[in-house]
Amino acid sequence: MLQGGEVETERDDAHDDRRPPHAVVGSHRIEEAIFGQAFDKNIVRRIWAFVRPYRTNLIVSVAAMLILTGTQLLVPLIIRFAIDHGMQPGSGDRSALLAAACAFLFAISVNFGASYTQEIVIYKMAEKVLFDIRRATFGHLQDVALSFMDKTEVGRLMSRLQGDVNSMQELLETSVFCLGDITLLFGIVFVMLWLDVRLGLLTFSVLPVLLIVRLFWLPRARGAFMAANETNSLSNGALAEAIHGVRAVQSMDRQQVNLMLYDDKARANLKTHLTAAKYAQMMVPIVDSLTGVAMAVVIVVGGSMVMSDRIDVGVMVAFLFYIQRFFDPIRSLTLQYSIMQRAMASGKRLTDVLDVKLEVQDKANATVLTPEMDGSIEFRNVTFGYDPQHPVLKNVSFRVNPGETVALVGPTGSGKSSAMALVHRFYDVQKGQVLVGGYDVRDLTQKSLGRQIAMVLQEPFLFTGTVFENIRYHKAEATREEVIEAAMAVGAHSFIVRLPGGYDAALCEGGSNLSLGQRQLISFARALVANTKILVLDEATANIDSYTEMLIQKALVRLLEGRTGLVIAHRLATVRGADRIVVLQNGKVAESGKHEQLIEMGGLYSRLYRLNHASFDDTPDEQLNTSEAAGYRSEARSSGETAHSCKRFAER
Amino acid sequence: MRLLAPPTAHDHWPVPSNSQVIRGMTKPGNSFANGEVAGSPRGFSTIARITRMNLRQPWLVTMAIGSTLVAASLQLLIPALLGKAIDQTQLAMGAGVSAAATQEGLRNSALVLLAVSVLRGLFTLAQNYLAEAVGHHVAYELRVAFYEKIQSLSFSFHDQAHSADLITIGMLDLEGVRMYFSAALVRTVLLVMLVGVGAHMLISMNLVLGLLALSFVPFVALRSSITQLKLRATWLDLQERLCVLSRVMEENLTGIRVVRAFAAQAYEMLKFDRASKSALGLMHERAEIYVRNISAMNFSFLFAMGLVLSIGGNKVIAGEISVGKLATFLTFMTILQMPVRQIGLIVDGFARASTCGSRLFGLLDLDIAIKDAADAKPLEISDGTLRFDDVSFAYPAAENRPILKNISFEVRKSETIAIVGPPGSGKSTIAHLIPRFYDVASGVITLDGQDIREVTLATLRRAVAVVQQDAFVFTTTIENNIAYGDPWANAQRIERASESAQLHDYILRLPAGYKTVVRERGLSLSGGQRQRLAIARTMMLRPSVIIFDDSTAAIDAATERRIRSAMQLFAKDRVTIIIGHRLSSLMHANAILFIENGEIVEHGTHEDLLAKGGRYKALYDLQVRAFDDMLPNQEGVG
């Protein structure tokens, strides 16, 4: 028997209904607050900035709302008038009745117009504001410092752009409806008191009861709703995980355990929802009973007042109508209260994003970099760190002359990628200067800088769309011929034409229907179409099959022809092909020169070279024999691999 | 006009206002659910099936319907009680009934009214709560069934299904089915009761006034149904457009470096604006449809009320009816208008339950392609020999494109076999056939003489483990991730596995060590670390057959070598299969299979194949050439 037997016994004693100690499905907790304060002045002010352009619409809507509320209040009054003046039993006044009918028709026509205007204006405006806020947030994200984007999950930003922005829309609609409800409430109170003060006051005596009950109900109900919300997200999260990770689940035979764990979550979800439903309905009998009490009061007290001729029957009827609607605005106000709270929490998160500083900005008099520049790149005493206390690059200087290819090599964490990012001014240097075409990058407009430098990233990123569109991403005006020519030059043509649809083949999300090597070639073609004087390239590290690898190597040579190239090289073949090699170590230039020179010098490069790894990055620290390395590294960015090496060192 | 129509827009307008699931909505055309399963409109049988599911809570259902009927009856009493009270006061004034007697009468009416109101409130509570409860119970059952189904559907299904579609079914469609009882069924009962009995009462009181009072009903019912169906139709379209918008945003944010590198912000904003405008346009259209309908419904209702008032007023003057009767009619109308306006929602509730239900049931009813045979026995491993006997295979979606043709080989315990070949040659498919992620088209795969189709899946998959190239990271602690296949394992075993996979040192550096929570997305584990996690995870399973499916591509050669040496002891008791590109890591295998176009073209040891001078030799030369001018004093790649 293999060790399988042992596994079995272990499983057997584990099955005595003990929960597995190392198993969960889905995440444990919800990470974001759902409710905030109901009103936050700062946030309201920020949102107002988005509403301001539409303030005329807002005024129209509010005006229509006031008119609407007026007609709503008027209807029972017209009924009262018709009863008291038009239908005295036996001796009715038909003209008064006709007048009442006309007034009624007029009121409902106005009501129709006002209701239409109020709602359509506010809905459309809220939708526009929603899109404006989303656009502003999205646009802001296009310009914020990459250091922010680096540490923020895309999913989180997406929930800003979707959920949070949507609650802003709700907020706007709700505020107008809220205002409407408050006006209506006060209107009813006013009209009832105007009709008869004593009867009115007596009717309102039920209000304090309602308020007190609500006071007890609200926090408990809110707790119940939040719990339901939370268990719902948790069980949905677990479901999403099961869908995405189904292959892992099946290959490790975890279905039974997972189902058991999921059942717990689904049960908890059921329980909290039942509780929430209970709380949601609890107010119904209370409001109904209070309505009953109020009506009973009007019947008994109002009835005797009618008999003693202190009020007309019509007033009593009007009271009964008002009471039936009196609680509606109160009910919807409570509903709106929690929408407000949710919106404030969303608003807070949105303003947090909108407030992320733009660290890299064009100067007021920034120069436009033209294609006529000489195409050189120069680093002058550059010091840079993501965290200013721990620079990743220290006093780095080197120059890439026009038309030259320079390979940047060095172990992981040596600062190669950071150097590359600085050429594009993704970040600003702390000290020193980065010059492109002889200009300090900080004196150039970011747009023109981007247009004059083509970049190939380590992980080729393709957009949904056709192959054609992806290749001309950098140059939207490129013709089909240019695109095909570029694809041929990098050796991508042959596989592209074999795709269903050829150049018009649709790429799935991130180009997942292509292999990594193929994606790489397309990103090369993209850079070739851009046809810029400068090319910055980060070679892929992952192992690509040898066939595609060969294609890529050939394409690379073609790509660098006649261009200034700064290449982060991982493959020895690429390094050999460069005009010059700059070796970075711990953020410093350790050595530079041609391959032969460096080999002769017998320094870091020759050691890397002799170690005979397919890629320089592979080289573990201990094989470099530089004790200095460990010290610096622990300061450097705590990349996983780095951390790994550090630990090894510490153990020695 | 909310004096008479209290519900806010949110009750009427099925916009998923705060829905985080807005992206990945049902996409007509590319979802399997739309294509095969829900293609035939089996509306009625779906509704019947949901109703049957509801009936599994017979007590809850009975009580919910009972409460609805009682609550509706009580509500129908209120207009008459109010009218009676008004008439009592009027009579007292007109016909000189003694004040005391009237007072007495009024007090009685008030008490009855109060009692009716309180009872009605209680029964409404019961109605709403019980209806919700029925729905939630159904939702719970469906949720668990859906989860179980998703977990057991085979790879060939998941290859074709979009995960976004599955999520839509499991969350939104399930909601549609859950809401059926409370939004469609109970409301229908309420409506039929109120309109039916109410109409009878009104008409028997006064034919003309009764008909007038009910005149708004057909109009509003029709309008609200048509509008809801219109909104429903545009809803899918809107989801589609919002989906495009989300995709534009998400891709932009994921590829922000490319966008910046090419200074394409302006172009991206253009893309955003285009997607955004198209969605906004449709939202405006929908708002227009909705608001126009609401206003028209209000107007028709109020117009009918005006007619009742003026014609009824004339009747009062003519002495045909009393003021109290007129008030009864008017109150009836206000009671009726809510359920009548909700007809649209009821129609929507049925439509939604039927489409959502047919999608959901379509999935739940799917056959599981790969499951235990009826007489499946547990797998028994004795000497651990894996055999492929004339195996051919094609993916179910493309059956005329054979991926593997007549593959035969044998591996024994402690042996390692390596599989190489150009991309797309079928290497990974071999890895997927052994744990039965797919079934062979012909031929047979045996483990110690047992056909893998005749043993239970659970024991087979425990015995055969595939180390995937891209390990799925579950959002939980790294410890739980390693112990994923053996959640009862003790800490020492977990540590030993991660040591062998060269992951231990890294984990100790994490803020909470083994208890650190890692996640699928975000910046936590690099590609190489994920692959090492996959290796550790697989070692925990103690499989009899371990397959590395190109699973060290992102691990550097030195680390890989350390992993291999740490795993030597482990490999002694198992069959090891290595699929990969890097020849240095697989040249020491006992046998190497070179696969091309689904066939074994070469088979032998490294030395055999080099001597043979065929495809393997060519690949070897290709890999070595890149470096050989740099390796003057060393031989080979090792």
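Reply: Start with one strand pair. In chain B, β3(B) and strand β11 (residues 591-596) pair in the parallel sense over four bridges. Keep in mind that this is a predicted model.

Me: Which residue of β11(B) stands opposite B:Ala418?
Reply: Strands of a sheet pair through backbone hydrogen bonds, either parallel or antiparallel. Here B:Ile592 is the residue opposite B:Ala418.

Me: What does β3(B) do with strand β10 (residues 575-579) of chain B?
Reply: The two pair in the parallel sense, over four bridges. B:Thr416 faces B:Thr576 in β10(B).

Me: How many residues of strand β3 (residues 416-420) of chain B are buried?
Reply: Five of the five are buried, so β3(B) is largely enclosed by the rest of the structure.

Me: Which residues of β3(B) lie on each side?
Reply: In a regular strand the side chains alternate between the two faces of the sheet. On one side of β3(B) are B:Thr416, B:Ala418 and B:Val420; on the other are B:Ile417 and B:Ile419. Both faces are covered.

Me: What is the strand order in the open sheet of chain B?
Reply: The order is β2-β1-β4-β5, four strands with antiparallel pairing. β2 (404-411) and β5 (450-451) of chain B are the edges, each with a single partner strand, so one side of each is left without a neighbour in the sheet.

Me: How many bridges join strand β4 (residues 442-447) of chain B to β5(B)?
Reply: Two bridges join this antiparallel pair. In one of them, B:Asp451 in β5(B) is the partner of B:Thr446.

Me: Now zoom out. How many helices and strands are there in chain B?
Reply: Chain B has 23 helices and 12 strands. Of its 638 residues, 61% count as buried. Take the contacts in chain B with a separation of 6 or more: residues 24 or more positions apart account for 79% of them.

Me: What area is buried between chain A and chain B?
Reply: The size of an interface is often given as the accessible area lost when the parts come together. Here the figure is about 17600 Å², and carbon and sulfur atoms give 65% of it. The contact takes 194 residues from chain A and 181 residues from chain B.

Me: How many salt bridges are there between chain A and chain B?
Reply: The count is five. One salt bridge joins the side chains of A:Arg247 and B:Asp159, at 2.5 Å from N to O. On the side of chain A that touches chain B, helix α10 (residues 255-307) gives the most, with 30 residues. That side divides into 93 nonpolar, 56 polar and 45 charged residues.

Terms used. Residues numbered from 1 in each chain as written. Chains lettered and ligands numbered in written order. Predicted model: local features only at pLDDT ≥ 70, side-chain atom pairs only at ≥ 80, totals over all residues. Heavy atoms only, no water. Pairing = 2+ DSSP bridges. Contact = heavy atoms within 4.5 Å. Buried area = accessible area lost by both parts, 1.4 Å probe. Salt bridge = Lys/Arg side-chain N within 4 Å of Asp/Glu carboxyl O. Nonpolar A, V, L, I, M, F, W, Y, C, P; charged D, E, K, R; others polar. Buried < 20%, exposed > 50% of the residue type's maximum accessible area, 1.4 Å probe, protein only.
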